[in-house]
Amino acid sequence: MIKPAVSVRGLTKVFPTPFRRERIVAIRDLNLEVAPGQVYGLLGPNGSGKSTTLKIILGLVPPSSGSTAIFGRDSREVRSREAVGFLPESPYFYKYLTGIETLQFFGKLCGLRGVSLRSRIDKLLTLVGLESARDRRLSSYSKGMLQRIGLAQALIQEPKLVVLDEPTAGVDPVGTREIHDLILDLKRRGITVLLTSHLLAQVQKICDCVGILANGALIREGRLADLLAIENQTELTLENTTPEVLAQIQAALENSPARLVEQRQPQTTLERLFLDATNPSTDQ
Amino acid sequence: MSDRKYRPFSLLRVVALAGNTFTGLVRLKAFYFLLLFALLLIGSSAFLAQISFQEEFQVLKDISLGAMSIFTSLLAIAATAQLLPRDLEERTIYTILARPVPRYEYLAGKLGGVLLLLAVSLLAMAAAFFALLFVREKILLAGMLGHSAGLRAAELQAAVRSLHASAFNADLLPGIAIIYVKAALLASLTLFVSTFATSNLFTVFVMVFVYFIGHLQSTARDYWLAQDGSGWIAKSFLALVALVFPDLQRFDLLDNVVAGRVIPGSLFAQTVLLGCIYTSIYFFFAWVAFQGKEL
């Protein structure tokens, strides 16, 4: 039997409030599973328990009850994080280090050294487009560059699971698109991705499965295609049509039980418009 | 992912963390205080040119070793106090502990980086101190030879020997080693306090308090126990203080060194051992406090 990349069983997390009797319940009896190779989006408003869930999965915070596991190994074991790459929300790395020193540091923490570490760093700097900034200190990096070096460090040991907490927070549309492409590339290579995001339109483009958290409880979960499908409707998009063809379709509809809900001209997205305007070479 | 075998303890990880901590402290200008030490040395040597060479070297050693002790202790406290709070505040700790890095390795790396910084700082101060002793000795020797017209050869040889003995001698080295051991103890204790402190200012405040209690407790203990009326309450209180606070007076062997007395080998070994025990115990406490900490 294939072990899930991430499994959460009956997870509850309660934070005591200092000097008060009341306690804050951050997560209530949460159950979820992320299959290997899947891109799973954990969604929810601020304070819904997304980051706390990630922290418990990564062993940074102990659960009050229940358990979490990574590839079948309990998250409380340090060894469970051997194959995990993590990018925290708004990552602050050591600003006194250069890009290359940052990757060397995290590579060594993962047991890499010598030629294999150097070649891995070169590859990742190319992947995230930071070759020219490799010897600059992170204090001079922009927010987008910090996010990209963060992604590079998350991938340093070729992890099987990548956990991304708000990976596109504060990044411009071009940077966001690059991060999306990177996530899709990870998916193509069979790497599991667990991410949280506020940007629902972007999650919709890259996730296979989503779970929606509210007040610490999972209120919806499933494959994105299943959750978003409107079962009794069908969408047609026509190209190079003529008014006569449209009239024929409408006539056919009049003689059937089907009802035309909406007829409109499809529009491009604002993101597409922005990307085309700022970088004409962007692929359609 | 490659087939790397996971080890519960990896020296490579600890060295990486220690190296990063050291680099951070160096690039955050932790060495600036060395300039202060250099100014103190230059200033004191200019002032001391007025007195006899025996007194000059004694006072120079007194000032220099005292300054080395205070600067190293202060650096141990100030450098360590900020490490954990800064990593927590800037969330850099998440990316480290989300790796297969046990918390004891993280703490060991942090302490290792500070110990490396202290060693480099102390070596730099010692080098400056020895260089000053050497230069002063050469200047005084030149002066002595210039005014030796009326002296016999034997008298001159005795004077030169006396001058040489007053300047650098190997007995200074154990004194400097003890300064390092004391600073290591303070760094470990600071690391422990910072695991539960709410800010680095609080940690520094607690450590300054501990520093003074640690230095005064043996004097206070001797005084109170010498009183006829010292009952079990006083004795219990003193035992508790001795248990909680390190007896830093045990590490003050500099008076012997300055006075030209040799530190016995057994006393040196005992002091180093005591320092290592204190350092290990405080590191263990830091690990216990940090292990269950919610990040």
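The model is predicted.

**Helix packing in chain B**

Helix α6(B) spans residues 103–146. One of its partners is α1(B), residues 11–27. Another is α8(B), residues 172–196.

| Helix pair | Angle | Axis distance | Crossing |
|---|---|---|---|
| α1(B) and α6(B) | about 45° | 7 Å apart | right-handed |
| α6(B) and α8(B) | roughly 150° | within 10 Å | right-handed |

The α1(B) and α6(B) pair is therefore oblique. From α1(B), the contact residues include Arg13(B), Leu17(B), Phe22(B) and Leu25(B). From α6(B), they include Glu105(B), Tyr106(B), Lys110(B), Gly112(B) and Gly113(B). This contact of α1(B) with α6(B) divides into 10 nonpolar, 5 polar and 3 charged residues.

Angles over 145 degrees count as roughly antiparallel, so α6(B) and α8(B) fall in that class. On the α6(B) side, the contact includes Leu107(B), Leu111(B), Leu115(B), Leu118(B) and Leu122(B). These meet a set in α8(B) that includes Ile176(B), Ile179(B), Tyr180(B), Ala183(B) and Leu191(B). The contact of α6(B) with α8(B) holds 15 nonpolar residues, 1 polar and 1 charged.

Lys110(B) and Val114(B) of α6(B) take part in the contact with α1(B). Both are also listed in the contact with α8(B).

**Between the chains**

Chain A gives 28 residues to the contact and chain B gives 27. On the chain A side, β6 (84–87) and α2 (99–109) are the elements that supply two or more residues. The largest share, 4 residues, comes from α2(A). By type, the chain A side has 18 nonpolar, 3 polar and 7 charged residues.

Definitions and conventions. Residues numbered from 1 in each chain as written. Chains lettered and ligands numbered in written order. Predicted model: local features only at pLDDT ≥ 70, side-chain atom pairs only at ≥ 80, totals over all residues. Axes fitted to C-alpha atoms, helices over the stretch in contact; angles between N-to-C directions. Parallel < 35°, antiparallel > 145°, perpendicular 65-115°, else oblique. Left-handed = near helix turned anticlockwise from the far one by under 90°. Contact = placed C-beta atoms within 7 Å. Nonpolar A, V, L, I, M, F, W, Y, C, P; charged D, E, K, R; others polar.
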